[in-house]
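Below is a briefing on the structure shown here, arranged by topic for a reader who wants to check each point against the coordinates.

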Amino acid sequence: MAQTAEAPVTPPPMQDERVGRKSGLARMLARPGTGALAGAIVIYVFFFIIATPFRYASSFSSVLYVTSTYGLMVSPIALLMIGGEFDLSAGVAVTSSALMASLFSYEFTTNVWVGVLIALVMSLAVGFANGWIVVKTRIPSFLVTLGTFFMLQGLNLALTQTITNQVASPDISTLQGFSSAQKVFASSFTIGGVNIRIPIIYWIVFVLIATWILLRTRTGNWIFSVGGSAESARAVGVPVARMKIGLFMAVGLMAWFTGMHTLFQFNTIQSGEGVGNEFVYIIAAVVGGCLLTGGYGSAVGAAVGALIFGMVNQGIVYAGWDPDWFTFFVGLLLLGAILLNTFIRRRAEASI
Amino acid sequence: MTSTAESTQDTQNAQPLIRLSHAGKRYGTIIALSDITMEVGAGEVTCVLGDNGAGKSTLIKIIAGLHQPSSGTYEVEGTEVHFSSPREALERGIATVYQDLAVVPLMPVWRNFFLGNEARKGIRLDIPFMKKTCKEELAAMGIDLRDVDQPIGTLSGGERQCVAISRAVYFGAKVLILDEPTAALGVKQSGVVLKYVIQARERGLGVIFITHNPHHAYPVGDRFLLLNRGRGIGYFEKDQITRDELTGLMAGGSELEQLSHELQGVSGAAGIAEELVEDVAELGLSKEGRHSQ
C-alpha cells in the first residue's frame, strides 16, 4: 500500500495572468479517470485482437457481470477513499453479510427476507463500528479495518464451522421467500439474444447515484472536503465525524448488497470467501483516479477501474492462457494502468 | 474616513460584539494564556500582536469556539457564552479565517467558497447560482478569476486569503478573526489583504486581526493588544500609541539592547550593534507608561 508514486502530493504550481490557459484536451486529461479510460481501451483492444471469443457480445456480457460483482463494492470504496479513508474489511464483509442472512434464515427457519434484513443491520453496524473507531481514536483506518478484517474473517470461519459443522453455509433454496429474493438480487434477462444478469444493472445505477452524490449534492461536496482537508472542513462547519462514519456505513450497505447477490446466485456461501477482494476494490479505485491521500477521484473513474479488472479477469480465460498466470497478469496490467494513468495526469497538469 | 468615525461613535453606546474579561487558558499544568481583557465592536479592528508562542493561537481558539477559557468570561453582544464547537461560534456570526486551514486545495474555488453553506434547490446543489455568486463576490473584492472552477490550490496565497475573507463576509459574519493573514505574503499581496481588512471594517464588521507585524497592524487597527508569553503586555487605543512605539514594544526593547551588547563582543558586528543601539534610542523604548490600565 506504499504506492505513493501515483499521488501528486505537491499542489499544482501557482498561476497568475502570465500563465496561459490549458487547452481543452489537457483539461479533459486532467480529470480523474481519464487515464483509466485510456487503459481500459488499450486492454479492450488487446484482448479483442488476441482472444477471439472476447469479441462476442455474450462474452462482453459476462465481462460486465464479473465487473459488476466487484464494481458494486468499488463505488462506495471510491467514495470512502475520496473521503480520505480505507476499508480493508470490505472483502470479507461481503461474505459475513451473506453468511449472516443464510445462517440466520436456515437455523431459525424463517423467511429468507428476515435473514436478509438482519444481515443489512449487521453490515451497517460493522460499517458504523469501523467509522466510529476511526473517528474517535484517530487511528489510521488502514489499521482499524485491518483489525476488523481479521476479526470478520475469523468469525466467518469459526461461526460457520460451529453452527453447521461445515466450511460452507447450507443450501437455503427451499426456504420461504427464496424465489422472490432471488428475483431481486440474482435474476437475469435477455436482450437481443444476450443474457444480462441483474447486478450489471444495479452496478450501473449505483455508479450513477454515486457520481450524482459526489458532484451534485452537498454530501458530495463534504466528502471531497473531509478527504481533501479534514481540518479545513471542520473549520467551516462540515460534520467530519458524521461524514466519515456515513461513508463506512455506505461500504457496509454495498457489502450487504453484494453479499445478497452472491448468496442468491449460489444458494450457499463458502465461509473463506472474499479474502483479497478488498485489494481489488482499492486497486480499481486507484486505477480509476482516486488519490490514496484522499480528496480527489470519481465514481465513474473507479467503475472504469473495475471494468479493467473484469476485462483482464475474463480476457485471460478467453485467450486460453494458463490460469496459473492469472494474478501475475492482473498485477502487471493493473500496474501498467496505474503508470499510464499517472503519466497522463502529470502531462496534463504540466502542459499548457 | 467619516464613516469610521461614525461607526466608532455608534459602538460607544452599543455593546461590543466580543468582550473577553480576564480570560485565561491552561492545558494541564501549562498556562497558555492568562488574564486577557479585550473587546471588538462593529466597524472596528482590534489587532492582536505577539511573537511566536505569545498565546495568539490560544486566544483565537477561545474566540472561535474551539476551546473554552479556563478562567475569566467571554461575552458576545453582552451575554456570556460557552461555545462547545466552532459551529456555535459561527452561528453567532463569529467567523475565523485561519492561516493554513481556510480552504481545501484540491477543490474548485466556488466549492470552497460555499463549503459548509451550500446553496441548494431541494437536495441538489444550485451550481449555476453558486458559481455566479462566487465570481461576483470575488469581483466585488477586486479579484477577477478567469475560472472559478479551478482548484483553489492553484491561486496565490493572497488570493486564497481573500477568497476566505470574502466568503466570511458574504455569509454574514459579524466578527471576522484573521489569523496571520499576511504572514506568508509578499509586500504587494499583503497590501491587498489589508485593503480587504479595511473593506470588512467599512461594511460594519468587527475584525480581530492577528499578526506579528506592527507595520501591517498599525494602519488598519483601532485597538492593539500586545501579547508576550501568554500575558497581555499592553492594550492601547490607536490615539494612545504611535507606530514606532508599537514596533518597539513588539521588538521587545530590552531584548534588542541585550542583543546589541552581545553583538558588540563579536568582531565585525560592532557596526550592527551601534545601529541597534541607535534604533532603540530612536524608538524611545522605555518600560514606564506603556501599560495602560
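In this predicted model, the 20 residues of helix H13 (residues 299-318) of chain A should span 28 Å at 1.5 Å a residue, and because the end C-alpha atoms are 28 Å apart, the helix agrees with that expectation; the expected span is 1.5 Å times one less than the number of residues. Helices (H or I, at least four residues) and strands (E, at least two) are DSSP runs, numbered from the N terminus. H13(A) is mostly covered, with 17 of its 20 residues buried, where buried denotes 20 or more other C-beta atoms within 10 Å of a residue's own, exposed 12 or fewer, and partly exposed in between, with C-beta atoms placed from the backbone. After H13(A) comes Gly320(A), whose phi is positive, near 75°.

Residues are numbered from 1 along each chain as its sequence is written, while chains are lettered from A and ligands numbered from 1 in the order in which they are written. Since the model is predicted, local features need pLDDT of at least 70 and side-chain atom pairs count only at pLDDT 80 or more, whereas totals for chains, interfaces and linings use all residues.

**Chain A: overall make-up and helix H6**

- Chain A contains 14 helices and two strands, and 49% of its 352 residues count as buried.
- Of the contacts in chain A with a separation of 6 or more, 80% are between residues 24 or more positions apart, a contact being a pair of residues whose C-beta atoms, placed from the backbone, lie within 7 Å.
- Helix H6 (residues 141-164) of chain A has 24 residues and reaches 33 Å from its first C-alpha to its last, close to the 34 Å expected at 1.5 Å a residue.
- The buried residues of H6(A), among them Val144(A), Phe149(A), Leu152(A) and Asn156(A), pack against helix H4 (90-107), helix H5 (112-137) and helix H12 (277-287) of chain A.
- Thr145(A), which lies in helix H6 of chain A, counts as buried because it has 27 C-beta neighbours inside 10 Å.
- Leaving aside neighbours within four places in sequence, Thr145(A) is in contact with Phe86(A), Asp87(A), Leu88(A), Ser89(A) and Asn130(A); the C-alpha atoms of Thr145(A) and Ser89(A) are 5.4 Å apart, although the two are 56 residues apart in sequence.
- H6(A) is followed by Asn165(A), whose phi is positive, near 60°.

**Chain A: the hairpin**

- Strand E1 (residues 188-191) and strand E2 (residues 194-197) of chain A run antiparallel and are joined by four bridges, pairing of strands requiring that DSSP find at least two bridges between them.
- Two residues lie between E1(A) and E2(A) in this hairpin, and Gly192(A) in the turn has a positive phi of about 55°; Thr190(A) stands opposite Asn195(A) in E2(A).

**The nonpolar core**

- The largest nonpolar core has 174 residues, and those with the most contacts inside it are Val74(A), Ile77(A), Ala284(A), Ala285(A) and Leu176(B); such a core is a set of buried Ala, Val, Leu, Ile, Met, Phe, Trp, Tyr and Cys residues joined through C-beta atoms within 7 Å.
- Helix H11 (residues 240-266) of chain A gives the most to this core, with 15 residues.
- Beyond its neighbours within four places in sequence, Ala284(A) is in contact with Tyr70(A), Val74(A), Ala302(A), Gly305(A), Ala306(A) and Phe309(A).

**Chain B and its side facing chain A**

- The secondary structure of chain B comes to eleven helices and twelve strands, and 44% of its 293 residues count as buried.
- In all, 24 residues of chain B are in contact with 22 residues of chain A, and H3(B) gives the most to the side of chain B that touches chain A, with three residues.
- Tyr235(B) is found in strand E12 (residues 231-237) of chain B and counts as partly exposed because it has 19 C-beta neighbours inside 10 Å.
- The C-alpha atoms of Tyr235(B) and Leu225(B), ten residues apart along the chain, are separated by 4.5 Å.

**Confidence**

- The mean pLDDT of chain B is 80, and 80% of its residues reach 70 or more, pLDDT being the predictor's confidence in each residue, from 0 to 100.
- For residues 286-293 of chain B, pLDDT stays under 50, and the model has eight contacts beyond four places in sequence for them.
- The predictor gives the complex an ipTM of 0.81 and a pTM of 0.78.

Key:
Contact = placed C-beta atoms within 7 Å.
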